[in-house]
Amino acid sequence: MKYQITAAVIVAALAIAANAQAAETRCGWIENPTPANWWLEDAENTWTIMTQGDDVGEVEGMELISDISEHEFVRTNGNYGYACACMSVETDGKERITKILSFRQLKLAKCRADKALKFPG
């Protein structure tokens with residue numbers, strides 16, 4: 001009986017781990033060109049964080065993105081623009097960031113020097 005309970009606990013833990021999303025570190029241009037429109041462009045993809053009028057709504061962890069205009073930032077449209085950042089995120093594996101776990105803004109030179117990144121815009 002003791003072994004059956006142990007086996008059941010191990011199977012349950014493995015099932016939970018298999019269903020958990022793995023955190024990914026994504027670094028590149030964080031873009032906010034207009035209100036409620038956010039994406040991250042890294043070397044692999046353009047990851048949608050949120051778009052104005054989207055049914056998905058605000059991504060969990062969005063509050064972790066500080067005011068990017070307070071640090072190195074390129075203004076492209078009034079108070080909107082882009083910066084360089086690294087984020088720990090969960091994605092849908094295709095094109096959307098589904099959860100933000102951490103956010104760190106970097107110097108613009110870091111993204112400008114990365115040949116794998118396309119210039120924003």
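User: What makes the pairing of the side chains of E41 and K118 a polar contact?

Analyst: In this predicted model, the side chain of E41 lies 3.5 Å from the side chain of K118. A polar contact requires N or O atoms within 3.5 Å, one able to donate a hydrogen and the other to accept it. The pair is therefore counted as a polar contact.

User: Why is E41 called buried?

Analyst: Its relative accessibility is 9%. Buried means under 20%, so E41 is assigned to that class. E41 is found in strand β2, residues 38-41. Leaving aside neighbours within four places in sequence, the residues in contact with E41 include C27, W29, L117 and K118.

User: How do you know that C27 and C86 are joined by a disulfide?

Analyst: Their sulfur atoms are 1.9 Å apart. The cut-off for a disulfide is 2.5 Å, so the pair qualifies. The link of C27 and C86 is right-handed, with 110° about the S-S bond.

User: Is C27 classed as buried, exposed or partly exposed, and why?

Analyst: The relative accessible area of C27 is 31%. Buried means under 20% and exposed means over 50%, so C27 is partly exposed.

User: What makes C84 and C111 a disulfide pair?

Analyst: The sulfur atoms of C84 and C111 are 2.0 Å apart. This lies within the 2.5 Å limit, so the pair is a disulfide. The link of C84 and C111 is right-handed, with 80° about the S-S bond. C84 lies in strand β5 and C111 in helix α2 (residues 108-113), so the pair ties together parts that are 27 residues apart in sequence. C84 and C111 are both buried.

User: Which pattern do the disulfides of the protein chain follow?

Analyst: The count comes to 2 disulfides. With bonded cysteines counted along the chain, the pattern is 1-3, 2-4.

User: How many helices and strands does the protein chain have?

Analyst: The protein chain has 2 helices and 6 strands. Read along the sequence, the pattern is α-β-β-β-β-β-β-α. Of the 121 residues, 36% count as buried. Among contacts with a separation of 6 or more, residues 24 or more positions apart account for 57%.

Note on methods: Residues are numbered from 1 along each chain as its sequence is written. This is a predicted model: local features need pLDDT of at least 70, side-chain atom pairs count only at pLDDT 80 or more; totals for chains, interfaces and linings use all residues. Side-chain values use heavy atoms; hydrogens and water are left out. Buried means under 20% relative accessible area, exposed over 50%, partly exposed in between (1.4 Å probe, protein chains only). Helices (H or I, at least four residues) and strands (E, at least two) are DSSP runs, numbered from the N terminus. Contact means heavy atoms within 4.5 Å.
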